[in-house]
Amino acid sequence: MRIILDAMGGDLAPEAPVLGAIQAAKDFGAQITLVGRGEAILEAMRKNGIDNLPDGVQIANADDVVDMHDDPSSIIHKRKGSSMVVGLKMLADGQGDAFISAGSTGALLTGATLLVKRVKGIRRAAMGPAMPNKAGGKTVILDCGANAECTPEFLLQFGLVGALYAKKALGVENPRIGLLNIGTEDSKGTPLQKEAYSLLKEASDQGLINFVGNVEARAVPMGAVDVVVCDGFAGNVLLKSIEGTAMFMGSLVSRMFKKNIISKLAAALVMKDIKAFKKMMDYREIGGTPFLGIRKPVIKAHGSSDALAFRNAVHQAMEAAKSDISAELEQGLQMLSRMKETAND
């Protein structure tokens, strides 16, 4: 299995992606192609005392870089020699099994859609991060920012995509799908939520998904569902609210344990649990966010990703490639289409 990594994307490029890739090759046996300015990649290695490319790691030269201010719709033509576009073309041409970049989200989504293509029948690809929850598992938030405006049909497809991803990549046997809303009653929400509720329930009645109804935002981090379906605007607000609350609570705990000598002694007694909590809430431990609905795995790493984050993004990409959902997703979409046709008759 070969993972293609944009070595020039992100705030800490090329050093962070290069070191992360090398560590991933060592830890996971990954075959990795670093795409970017060859000399800059080699210099990042030399700076860290690495004189030669490790086994399984190779370089594909790309002299240009997608800028964060570039118009996403223009990168295919204006930045065709960039590390992002070259890497996506390599993935589309079968030269790799997954692609990772910490570059512009909009540019990456546009490039993935135009070059790698969506799974047949998918209306919009969506971003689906898997957030840790109180129940000890993970909850996929779909969509978390790729599609600010959605139709009920988009949300229905997000439910199907999320269910397959949770089952194949996260190992959830029968994923519970919830629709993000301001209440659990089926009458809650705007026309978008009300119509999406009806579509998701019908799909559940047909046995295509396990839809459990509306879910409030506060229930998401508690593990009430395995997949929460929402438009990209609401999903992004939900995701960042959870992240912000976790940061706030973490700072309060840290301040509490540093208050006096007694609290410092108490901290020493529970230090193992404190470290486990911090690790669970650390985005670097996850790696990145997959674009679900694209034919091959495309992972968006955080713009500030360090070497650890890129290492884990490579592992995440490997797992996504192993659990390819494209074929099953096409079958599920065909069944949804037949369900819609039957309803219209």
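1. Let's start with helix α4 (residues 83–92), which lies across β1 (2–6), β2 (31–36), β3, β4 and β12. Its direction runs at about 165 degrees to β4. The angles, from 0 to 180 degrees, are taken between N-to-C directions of axes fitted to C-alpha atoms, for helices over the stretch in contact. Helices (H or I, at least four residues) and strands (E, at least two) are DSSP runs, numbered from the N terminus.

2. Before going on, please note that this is a predicted model, in which local features need pLDDT of at least 70 and side-chain atom pairs count only at pLDDT 80 or more, while totals for chains, interfaces and linings use all residues. Residues are numbered from 1 along each chain as its sequence is written, and side-chain values use heavy atoms, with hydrogens and water left out.

3. Seven strands make an open, mixed sheet in the order β3-β2-β1-β4-β12-β11-β5. At its edges stand β3 (57–61) and β5 (126–127), each pairing on one side only. Two strands pair if DSSP finds at least two bridges between them. Strands β4 (residues 98–101) and β12 (residues 298–301) are parallel and share three bridges; Ser101 has Lys300 of β12 as its bridge partner.

4. There is also a mixed, open sheet of five strands, ordered β6-β7-β10-β8-β9. Because β6 (130–132) and β9 (210–215) each have a single partner strand, one side of each is left without a neighbour in the sheet. On average, and ignoring direction, neighbouring strands here are turned by 30 degrees against each other. Strand β7 (residues 138–142) runs parallel to β10 (residues 227–229), joined by three bridges, and Ile141 stands opposite Val228 in β10.

5. Which helices meet this sheet? Helix α6 (residues 152–168) packs on it, touching β7, β8 (176–180) and β10, at about 165 degrees to β10. Helix α8 lies across β6, β7, β8 and β10, at about 145 degrees to β7.

6. Finally, have a look at Ala309 in helix α12 (residues 307–322). Is Ala309 buried or exposed? Ala309 is buried, with a relative accessible area of 0%; buried means under 20%, exposed over 50% and partly exposed in between, with a 1.4 Å probe and protein chains only. Leaving aside neighbours within four places in sequence, Ala309 is in contact with Arg284 and Gly287. The C-alpha atoms of Ala309 and Phe154 are separated by 30 Å, the two residues being 155 apart along the chain.

Note on methods. Contact = heavy atoms within 4.5 Å.
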